Amino acid sequence: MVGTNHNCNFARSIIAALAALVNVVSVGCTRANSVEARPAVASTELDSKLFFALGMIESGNDDRGIGRAGEVSRYQIHPSVWKSYSTSTDYRNPEVSARVARHHWNYLTNYFRDYAGREPTPFDMYVLWNTRFGHYARKGFDPARLSSIIRNRAHRFVNLVNR
């Protein structure tokens with residue numbers, strides 16, 4: 001059995017996720033009818049779809065997945081990032097990896113809001129997830145300035161989210 005610190009952290013992550021859902025604000029976009037124009041987290045159902053799609057794109061939802069750069073879990077999180085959110089090394093545990101992924105997702109969401117000045121779309125979030133930290137900011141958060149490989153993967157992610 002895991003200690004109470006783990007249980008406390010789990011409870012905090014649930015509370016933080018609920019608070020994030022309550023505080024979601026829709027921001028108008030110039031492409032209001034676009035698939036990418038939807039907020040990254042708008043409902044519990046969308047939240048579930050986001051993480052299912054993220055796991056599918058990253059590893060085929062393989063809890064034993066290990067990436068070329070040593071990324072771990074179904075969400076392909078680099079161990080140095082993982083350690084920012086958890087002391088656990090149980091990378092194959094779907095509950096632990098989901099909690100770590102949600103913490104990092106929330107961090108990236110807040111980063112995007114602070115620097116881009118708008119709500120991130122699923123497209124934006126996948127680009128943030130799948131590129132080195134700061135890469136998208138250096139591109140002015142402009143999808144047109146991304147490589148076609150990154151854009152195509154982000155579009156595949158959006159398509160999975162919207163299934």
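Me: Buried means under 20% relative accessible area, exposed over 50% and partly exposed in between, with a 1.4 Å probe and protein chains only. What percentage of the 163 residues of the chain counts as buried?

Reply: 40% of them. This is a predicted model: local features need pLDDT of at least 70, side-chain atom pairs count only at pLDDT 80 or more, and totals for chains, interfaces and linings use all residues. Residues are numbered from 1 along each chain as its sequence is written, and side-chain values use heavy atoms, with hydrogens and water left out.

Me: How many helices and strands does the chain have?

Reply: Seven helices and zero strands. Along the sequence the pattern reads α-α-α-α-α-α-α. Helices (H or I, at least four residues) and strands (E, at least two) are DSSP runs, numbered from the N terminus.

Me: What is the accessible surface of the chain?

Reply: About 9500 Å², and 52% of that belongs to carbon and sulfur atoms. Accessible areas come from the Shrake-Rupley method with a 1.4 Å probe; for residues, only the protein chains shown count as cover.

Me: And contacts between residues at least 6 apart in sequence: what share joins residues at least 24 apart?

Reply: 44% of them. Contact means heavy atoms within 4.5 Å.

Me: On to α5. How many of its nine residues are buried?

Reply: Eight, so this helix is mostly covered. The buried ones are Pro122, Phe123, Asp124, Met125, Tyr126, Val127, Leu128 and Trp129.

Me: At what angle do the axes of α5 and α7 cross?

Reply: Roughly 125°. The axes of α5 (residues 122-130) and α7 (residues 148-161) come within 9 Å. That makes α5 oblique to α7. Axes are lines fitted to C-alpha atoms, for helices over the stretch in contact, and angles run from 0 to 180 degrees between N-to-C directions. Angles under 35 degrees count as roughly parallel, over 145 as roughly antiparallel, 65 to 115 as roughly perpendicular and the rest as oblique.

Me: Is that crossing left-handed or right-handed?

Reply: α5 passes α7 in a right-handed crossing. A crossing is left-handed if the near helix is turned anticlockwise from the far one by less than a right angle, and right-handed if clockwise.

Me: Which residues meet there?

Reply: From α5, Pro122, Phe123, Tyr126, Val127 and Asn130. From α7, Ile150, Arg151, Arg153, Ala154, His155, Phe157 and Val158. By class, this contact of α5 with α7 has eight nonpolar, two polar and two charged residues. Ala, Val, Leu, Ile, Met, Phe, Trp, Tyr, Cys and Pro count as nonpolar, Asp, Glu, Lys and Arg as charged, and the others, Gly among them, as polar.

Me: Now α4 and α5. What is their crossing angle?

Reply: Roughly 110°, and the axes come within 10 Å. That makes α4 roughly perpendicular to α5. α4 passes α5 in a right-handed crossing.

Me: Which residues of α4 and α5 meet?

Reply: Ala101, His104, Trp105, Leu108, Thr109, Tyr111 and Phe112 in α4. They meet Asp124, Met125, Leu128 and Trp129 in α5. The contact of α4 with α5 divides into eight nonpolar, two polar and one charged.

Me: Zoom in on Leu128. What does Leu128 touch?

Reply: Leu108, Tyr111, Phe112, Tyr136 and Phe141, not counting residues up to four places away in sequence. Leu128 is in α5. Its relative accessible area is 9%, so Leu128 is buried. The C-alpha atoms of Leu128 and Tyr111 are separated by 9.5 Å, with the two residues 17 apart along the chain.

Me: Different spot. Is Ser97 buried or exposed?

Reply: Buried, because its relative accessible area is 0%. Ser97 sits in α4 (residues 94-116). Leaving aside neighbours within four places in sequence, Ser97 is in contact with Asp63, Ser73, Arg74, Tyr75, Ile77, Trp82 and Tyr91.

Me: And Arg163, buried or exposed?

Reply: Exposed, because its relative accessible area is 74%. Arg163 lies in the segment after α7. Its C-alpha atom is separated by 9.5 Å from that of Ala53, 110 residues apart along the chain.

Me: Last topic, backbone. What is phi of Asn61?

Reply: Near 55°, a positive value in a residue other than glycine. Asn61 is in the loop between α2 (44-59) and α3 (79-85). At 15% relative accessibility, Asn61 counts as buried.

Me: What about phi of Gln76?

Reply: Near 55°, a positive value in a residue other than glycine. Gln76 lies in the loop between α2 and α3. At 14% relative accessibility, Gln76 counts as buried.
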